[in-house]
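This report describes the fold and the packing of the chain shown below, moving from a helix to the sheet and then to the nonpolar cores.

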Amino acid sequence: MASQERISVHNLADLKNTSDDAIPNYLNSLKFKQDHTLADTRLALGYGAFALAAACFGWDYKFGFESTKLYTAVAVAVYALLNAALTYWISFVEKSIVYQATAPDGSKISISTATTKNVPIYNMTISITPKGSSTKPSSIEINRSFTEWFDSAGHFIALPFQTMLATAVPVIGQADPKRVASASNPAAASAIAGTNGVSEQDLLSRTDPAVLDAILAAQQGTTASGADIGANKAKGRKKA
């Protein structure tokens with residue numbers, strides 16, 4: 001189903017941010033337990049620096065600069081340290097990580113995303129650490145075009161995005177097997193995303209059988225209705 005919200009398909013930042021936001025929405029619905037440590041630490045450093053600056057302003061306003069200049073000097077030094085720590089945290093610890101969680105089977109999952117300027121490709125790196133494992137995390141890289149889950153009007157379509165993740169990442173596929181595309185379970189999402197230059201044969205081959213059955217039933221109903229209308233018109237001509 002397409003989102004009611006629209007973004008500019010020419011704005012790479014909007015495409016990435018909307019896709020990033022869809023990751024926790026989807027995985028949290030599958031009972032993944034999101035870890036907010038990275039975001040909480042970033043917010044704590046940012047708000048800490050802001051609180052210190054506000055305190056400096058408050059005591060300078062109330063007591064004057066001369067009586068508080070020593071405290072102000074210390075506060076400025078601490079403020080600089082907090083901002084340096086925030087910059088380091090964002091650049092070297094948090095990096096491009098947009099999601100961390102514990103999967104229903106106990107595995108740890110971490111997802112990083114990135115884009116290259118003027119290239120509409122969504123680059124994802126998924127690191128997975130099995131439950132209780134001390135081995136190095138396994139890594140999965142996905143590089144897909146945004147056109148697979150955004151239509152030409154800028155609507156985000158969740159089904160192809162979810163199918164892409166469930167098919168490429170085993171721990172997600174285990175939590176949502178109905179989204180895994182395979183020979184016995186073609187992804188309905190690919191049919192939706194495939195409207196961008198994909199042949200009708202490919203479109204049908206990728207479509208979920210349940211969706212095809214629904215379309216066929218609708219077409220049969222339309223054909224039957226058309227036949228009834230034609231019969232009624234023929235009767236009307238005979239009566240005339």
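In helix 4, the buried residues are L159, P160, F161, Q162, T163, M164, L165 and A166; the helix spans residues 158-168 and is mostly covered, with eight of its 11 residues buried. The model is a predicted one, in which local features need a pLDDT of at least 70.

The sheet is open and consists of five strands in the order 2-3-4-5-6, with antiparallel pairing. Because strand 2 (33-34) and strand 6 (138-145) stand at the edges with a single partner strand each, one side of each of them has no neighbour in the sheet. Strand 5 (residues 119-129) and strand 6 run antiparallel and are joined by eight bridges, and Y122 stands opposite R144 in strand 6. Helix 1 (residues 12-29) packs on this sheet, where it touches strand 2, strand 3 (97-102), strand 4 (108-116) and strand 5, and its direction makes about 165° with that of strand 4.

The largest nonpolar core has 30 residues, and those with the most contacts inside it are L27, F32, I109, M124, F161 and I172. Helix 1, strand 3, strand 4, strand 5, helix 4 and helix 5 (170-175) each supply at least two residues of this core, the largest share, six residues, coming from helix 1. With neighbours within four places in sequence left aside, I172 is in contact with Y26, L27, L30, F32, I109, L165 and A166. A second, separate core of five residues includes L38, L45, W89 and I97.

Apart from neighbours within four places in sequence, A22 is in contact with F156 and F161. The C-alpha atoms of A22 and A158 are separated by 7.8 Å, although these residues are 136 residues apart along the chain.

Finally, an unreviewed UniProt entry places the feature "transmembrane region" at residues 44-63 and 70-90. The table gives values computed from the model for these spans.

| Span | Distance between end C-alpha atoms | Helix content | Strand content |
|---|---|---|---|
| Residues 44-63 | 28 Å | 100% helix | 0% strand |
| Residues 70-90 | 31 Å | 100% helix | 0% strand |

Methods:
Residues are numbered from 1 along each chain as its sequence is written. This is a predicted model: local features need pLDDT of at least 70, side-chain atom pairs count only at pLDDT 80 or more; totals for chains, interfaces and linings use all residues. Side-chain values use heavy atoms; hydrogens and water are left out. Buried means under 20% relative accessible area, exposed over 50%, partly exposed in between (1.4 Å probe, protein chains only). Helices (H or I, at least four residues) and strands (E, at least two) are DSSP runs, numbered from the N terminus. Two strands pair if DSSP finds at least two bridges between them. Contact means heavy atoms within 4.5 Å. Axes are lines fitted to C-alpha atoms, for helices over the stretch in contact, and angles run from 0 to 180 degrees between N-to-C directions. UniProt positions are given in the numbering used here, feature names are shortened, and annotations may be inferred rather than shown by experiment. A nonpolar core is a set of buried Ala, Val, Leu, Ile, Met, Phe, Trp, Tyr and Cys residues joined through side-chain atoms within 4.5 Å.
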